[in-house]
Amino acid sequence: MRKTRFTLILTVILLLAMMLFTTLVSNAAVLYGDVDLNGSVSITDATLIQRNLVELEELSEEQLTAAKVSGGDKLTITDATLIQRKLAYIIDKFPVEEETPVTQETTPSVVPTKPTEPTEPHTTPTQNEADTITKISPEIDVYFSNNRNWSKVYAYIYNHETGDPAAAWPGAEMTKHSVNNYGETIYKLHADTSKYDRIIFSNGTAQTTDTPLTVANSGYFINTTLNGKFVVGVYPYGQENEGTIKQVNLEYSPGYNKRITIWTPVGYNANDKSKKYSVLYMTDGQNIFGNDENCSQHEWEVDETVLSYMQNGGDGIIVVGIDNANNKRDSELTPDIGDVVPGYNYGGFKNGTGEAYSNFVVNKVIPYIEANYNTNSIRGIAGSSSGGIESFYIGMENMDKFNYIGAISPAFLLYDEPTWSTYLSKFDFTDESKLPRIYFFNGNSKNDSLEQELYENAVAMQGWMEKKGYPSKLMTTVVDNDGTHNELFWAVYFPETLAFGLGY
C-alpha cells in the first residue's frame with residue numbers, strides 16, 4: 001500500500017515537472033514579434049496583425065502568442081504599432097518582455113491629490129474675448145548641432161508648396177558659431193520663415209529628411225537614422241532651463257483618478273498675475289514630455305518647441321498632458337459618432353467613450369488649470385493617432401473654447417465618409433471668427449503599414465470639411481513621405497502644428 005502510494009506521488013511529481021519544463025521551453029522559444037514564425041521580426045509581422053484584425057488573415061495559437069507583444073490578452077492594433085516602433089529602433093524591447101506590460105493599468109506614480117477648488121465661481125471664457133496672440137518676426141536664427149562630425153554643414157531651405165529654394169542644392173553653407181558642452185560644433189544660419197518653410201541639413205551627400213522651419217524652431221540636431229536618412233530632433237538653442245513639471249490627479253469617474261501633467265515654461269511666476277499664458281491641452285500625456293516610465297525613448301519634445309517659440313519672441317504657453325488609460329485608451333479616445341467600420345468594430349473602438357473624455361477635459365481639466373494658473377482665453381487641443389481623432393472631436397464639439405486643433409496621424413479611418421459627412425453636417429461653419437484653425441498631418445512612408453492605413457481618411461478630412469463650408473484658409477493638411485507612426489516624426493512636425501495653430 002505504501003509502495004503504491006509512493007509510486008503515485010512520484011508519478012504526479014514527474015508529470016508536474018514535465019509540464020513545467022514544457023512550459024518553460026515553450027516560452028523560451030517564443031520570439032515576440034515574429035508572427036510569421038520565420039525566425040526574425042520584420043514589417044511583414046506587423047502587417048499580418050493588421051490583416052488579422054480586419055479578418056483577412058487567420059493566426060494560429062503559436063502566431064498569436066508571438067503577436068501579443070504588448071502583453072495584453074487580446075491582439076490589438078497596439079501590437080502592430082509596437083513592432084513598427086522596435087523596427088525603427090524607437091524601443092529596445094517589447095512591453096511583454098518587460099516586467100509591466102503597457103496594456104496593464106498601473107497605479108500612477110504620484111499620490112492622488114485633491115484639486116484646489118476655485119475661490120469664486122468659475123466660468124470658462126470663450127476664444128472670442130479680448131486676448132490676442134502677439135505676432136512675432138518671421139525671421140529667425142537657425143542652429144544646428146553637428147553631432148555627426150560632418151566636415152561641412154549645408155542648409156537647403158525651400159518653400160514646400162511652390163518648391164522654390166533659397167539657394168540651389170545643397171543650399172547655403174552654414175557658419176560655425178560655437179561649441180556646446182558635448183564638444184559638438186554649432187552651426188548658424190538666418191532664415192525667413194515667411195518665405196521658406198522647409199529645411200534639409202546635409203554634408204553634401206548624407207542628408208536629413210525634409211524638416212519644418214517655423215517660428216517655433218530654434219535648434220536642430222540629428223536624432224536617429226531611418227530608412228537611409230537622418231531624422232532631426234529639436235531643441236531651444238542656448239536654453240538649459242527646461243521649465244517645471246507638476247502632476248495632479250483629477251477624478252475621471254467614481255473611484256478612478258486620471259493623472260494630469262502640467263508643464264510651465266522658464267520664467268513662469270505664479271505670483272505675477274499680470275502675465276497671462278495660453279494653454280495647450282494634449283492627449284497621451286505620458287509621451288509628450290518623456291517624463292514617464294511608460295514612454296518610449298522618443299517623445300514629442302513639446303517643451304523644447306514651446307521654449308523655442310518663446311525665444312523667438314512668442315507669448316508664453318502652458319502645456320497640459322492628459323494621461324491615457326493604457327488598456328482603456330482605445331475606448332476613451334474614440335468618439336461615438338456612428339457605426340465604426342467593420343474592420344475596427346470591436347473592443348474599445350466599438351461604442352467608444354470619447355464623449356466622456358471630452359467632457360472631462362472641458363468640465364474638469366480646463367476649470368482646474370484656469371483656477372490655479374495665470375492663463376488667458378487662448379487654448380489649443382492636440383494629439384496623435386487615437387488621440388488625434390479625439391482631439392479633433394473635442395475641438396469640434398467645443399469650437400467656442402479652442403483656438404486651434406492639431407490632429408496628427410489621426411484615426412479618422414474608424415468611420416467612413418458618409419458617417420463623417422453626417423457628423424460634420426450638424427455644425428454651423430458660417431462665422432469664421434468662431435472657428436478654430438486646424439492642422440492635419442499624416443506620414444506616408446511605404447515602410448509603415450499603419451501610417452499608410454490611416455493616410456486616406458487623414459488627408460481627405462480637409463476636403464470633406466470644405467464641402468460643409470469650413471474655410472480652407474483655416475486648415476492645412478501636411479504629408480511627409482518619410483513619416484512614420486511614432487513620436488519621432490510627431491516631434492519633428494509639432495513646431496509646425498503649433499505655429500499654424502497660432503496663425504503663422
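Which residues does Glu 451 touch, not counting residues up to four places away in sequence? The list runs Ser 409, Phe 441, Asn 442, Gly 443, Asn 444, Gly 483, Thr 484 and His 485. Keep in mind that you're looking at a predicted model.

- You'll find Glu 451 in helix H10, which covers residues 449-467.
- Glu 451 has a relative accessible area of 0%, so it counts as buried.
- One of the residues it touches is His 485, and here the two side chains make a polar contact at 2.6 Å.

- The side chain of Arg 259 has a polar partner: the side chain of Asp 323, at 2.8 Å.

- Is Tyr 268 buried or exposed? It's buried, with a relative accessible area of 17%.
- Setting aside neighbours within four places in sequence, Tyr 268 is in contact with Tyr 277, Ile 318, Asn 372, Tyr 373 and Asn 374.
- Take Asn 374 from that list: it is 106 residues away from Tyr 268 along the chain, yet their C-alpha atoms are separated by 8.8 Å.
- A polar atom of the Tyr 268 side chain lies 3.0 Å from the backbone nitrogen of Asn 374.

**Helix H5: mostly covered**

- How many of the 10 residues of H5 are buried? The count is 9, so this helix is mostly covered.
- The buried ones are Val 302, Asp 303, Glu 304, Thr 305, Val 306, Leu 307, Ser 308, Tyr 309 and Met 310.
- What do those buried residues of H5 pack against? Their partners are strand E9 (229-235), E11, E12, strand E13 (317-322) and helix H11.
- After H5 comes Gly 313, which has a positive phi near 110°.

**How H5 meets H11**

- H5 (residues 302-311) and H11 (residues 487-501) pack with their axes 10 Å apart, at an angle of about 50°.
- That angle is why the two helices, H5 and H11, are described as oblique to each other.
- The crossing of H5 and H11 is right-handed.
- On the H5 side, the contact is made by Val 302, Thr 305, Val 306 and Tyr 309, while H11 brings in Phe 494, Pro 495 and Leu 498.
- Sort the residues of this contact between H5 and H11 by class and you get 6 nonpolar, 1 polar and no charged.

**How H8 meets H9**

- The axes of helix H8 and helix H9 (residues 417-424) cross at roughly 25° and come within 12 Å.
- Angles under 35 degrees count as roughly parallel, so H8 and H9 get that description.
- From H8, the residues involved are Ile 389, Phe 392, Tyr 393, Met 396 and Glu 397; from H9 they are Trp 420, Tyr 423 and Leu 424.
- By class, the H8 and H9 contact has 7 nonpolar residues, no polar ones and 1 charged.

- Some background first: most residues other than glycine have a negative phi, and most peptide bonds are trans.
- Trp 169 and Pro 170 are joined by a cis peptide bond, with omega about 10°.
- Pro 170 lies in the loop between strand E2 (154-158) and strand E3 (172-173).
- Asn 227 isn't a glycine, but its phi is positive, at about 55°.
- Look for Asn 227 in the loop between strand E8 (219-226) and E9, where it is partly exposed with a relative accessible area of 49%.
- Ser 385 isn't a glycine either, and it has a positive phi of about 60°.
- The loop that holds Ser 385 falls between strand E14 (375-384) and helix H8 (386-397).
- Where Asn 227 is partly exposed, Ser 385 is buried, with a relative accessible area of 13%.

Definitions and conventions:
Residues are numbered from 1 along each chain as its sequence is written. This is a predicted model: local features need pLDDT of at least 70, side-chain atom pairs count only at pLDDT 80 or more; totals for chains, interfaces and linings use all residues. Side-chain values use heavy atoms; hydrogens and water are left out. Axes are lines fitted to C-alpha atoms, for helices over the stretch in contact, and angles run from 0 to 180 degrees between N-to-C directions. Helices (H or I, at least four residues) and strands (E, at least two) are DSSP runs, numbered from the N terminus. Angles under 35 degrees count as roughly parallel, over 145 as roughly antiparallel, 65 to 115 as roughly perpendicular and the rest as oblique. A crossing is left-handed if the near helix is turned anticlockwise from the far one by less than a right angle, and right-handed if clockwise. Contact means heavy atoms within 4.5 Å. Ala, Val, Leu, Ile, Met, Phe, Trp, Tyr, Cys and Pro count as nonpolar, Asp, Glu, Lys and Arg as charged, and the others, Gly among them, as polar. Buried means under 20% relative accessible area, exposed over 50%, partly exposed in between (1.4 Å probe, protein chains only). A polar contact is a pair of N or O atoms within 3.5 Å; within protein, one must be able to donate a hydrogen and the other to accept it, and residues adjacent in sequence count only if both atoms are side-chain atoms.
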